[in-house]
Amino acid sequence: MLEMRPDCERCGADTPADKPGSFICSFECTFCTECADELDDLCPNCGGELMDRPTRSKKLLEKYPASTVRKHKA
């Protein structure tokens with residue numbers, strides 16, 4: 001199951017698990033649409049391809065909540 005991280009690692013923007021517009025690599029590094037575009041869809045951490053992260057429905061978020069640990073380093 002995906003961790004569904006709550007923020008963009010590059011700019012700190014919120015990346016809600018129930019909304020589209022987040023991108024992840026195979027290690028689940030998470031970026032917003034704008035940062036993924038600026039990074040040319042390549043993860044700066046591992047060099048992997050950034051792909052659209054699927055959304056999780058509100059019903060499933062109740063049973064399987066998204067992570068609350070923010071990864072952005074200010």
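## Strands and sheet

Strand 1, made of residues 22-24, runs antiparallel to strand 3, and two bridges join them. One of the links pairs I24 with M51 in strand 3. Here, helices (H or I, at least four residues) and strands (E, at least two) are DSSP runs, numbered from the N terminus. Two strands pair if DSSP finds at least two bridges between them.

Before going on, a word on the model: this is a predicted model, in which local features need pLDDT of at least 70 and side-chain atom pairs count only at pLDDT 80 or more, while totals for chains, interfaces and linings use all residues. Residues are numbered from 1 along each chain as its sequence is written, and side-chain values use heavy atoms, with hydrogens and water left out.

Now for the whole sheet: it is open and has three strands in the order 2-1-3, with antiparallel pairing. Strand 2 and strand 3 are at the edges with a single partner strand each, so one side of each has no neighbour in the sheet.

## The nonpolar core

Which residues make up the largest nonpolar core? There are eleven: C8, F23, C25, C29, F31, C32, C35, A36, L39, C43 and L50. Strand 2 (30-32) and helix 1 (33-38) are the elements that give two or more residues to this core. A nonpolar core is a set of buried Ala, Val, Leu, Ile, Met, Phe, Trp, Tyr and Cys residues joined through side-chain atoms within 4.5 Å. Buried means under 20% relative accessible area, exposed means over 50%, and partly exposed is in between (1.4 Å probe, protein chains only). In soluble globular proteins, nonpolar side chains tend to be buried together.

Not counting residues up to four places away in sequence, C25 touches C43, C46, E49 and L50. A contact means heavy atoms within 4.5 Å.

## A buried arginine

R56 sits in the loop between strand 3 (51-52) and helix 2 (58-63). A salt bridge is a side-chain nitrogen of Lys or Arg within 4 Å of a carboxyl oxygen of Asp or Glu.

The side chain of R56 does have backbone oxygens beside a polar atom: that of L2 at 2.8 Å and that of Y64 at 2.9 Å. A polar contact is a pair of N or O atoms within 3.5 Å; within protein, one must be able to donate a hydrogen and the other to accept it, and residues adjacent in sequence count only if both atoms are side-chain atoms. Beyond four places in sequence, R56 touches M1, L2, M4, A17, D18, L61, Y64, P65 and A66.

## L61 in helix 2

One of the residues that R56 touches is L61, which is found in helix 2. L61 counts as buried because its relative accessibility is 18%. Leaving aside neighbours within four places in sequence, L61 is in contact with A17, D18, R56 and A66. D18 is 43 residues from L61 along the chain, yet their C-alpha atoms are separated by 8.0 Å.

## Salt bridges

How many salt bridges does the structure hold? It holds seven. In one of them, the side chains of R5 and E9 meet at 3.1 Å, N to O. R5 counts as buried because its relative accessibility is 11%.

R70 forms a salt bridge with D14, with the closest N and O atoms 3.0 Å apart. This pair links distant parts of the chain, 56 residues apart: R70 is in the segment after helix 2 and D14 in the segment before strand 1. R70 is partly exposed at 43% relative accessibility, whereas D14 is exposed at 56%.

K19 and D18 also meet in a salt bridge (3.9 Å, N to O). Salt bridges that share partners join E3, R5 and E9 into one network.

Most residues other than glycine have a negative phi, and most peptide bonds are trans. M4, in the segment before strand 1, has a positive phi near 60 degrees. D40, in the loop between helix 1 and strand 3, has a positive phi near 55 degrees. Is each of them buried or exposed? M4 is buried, with a relative accessible area of 3%, and D40 is exposed, with 59%.
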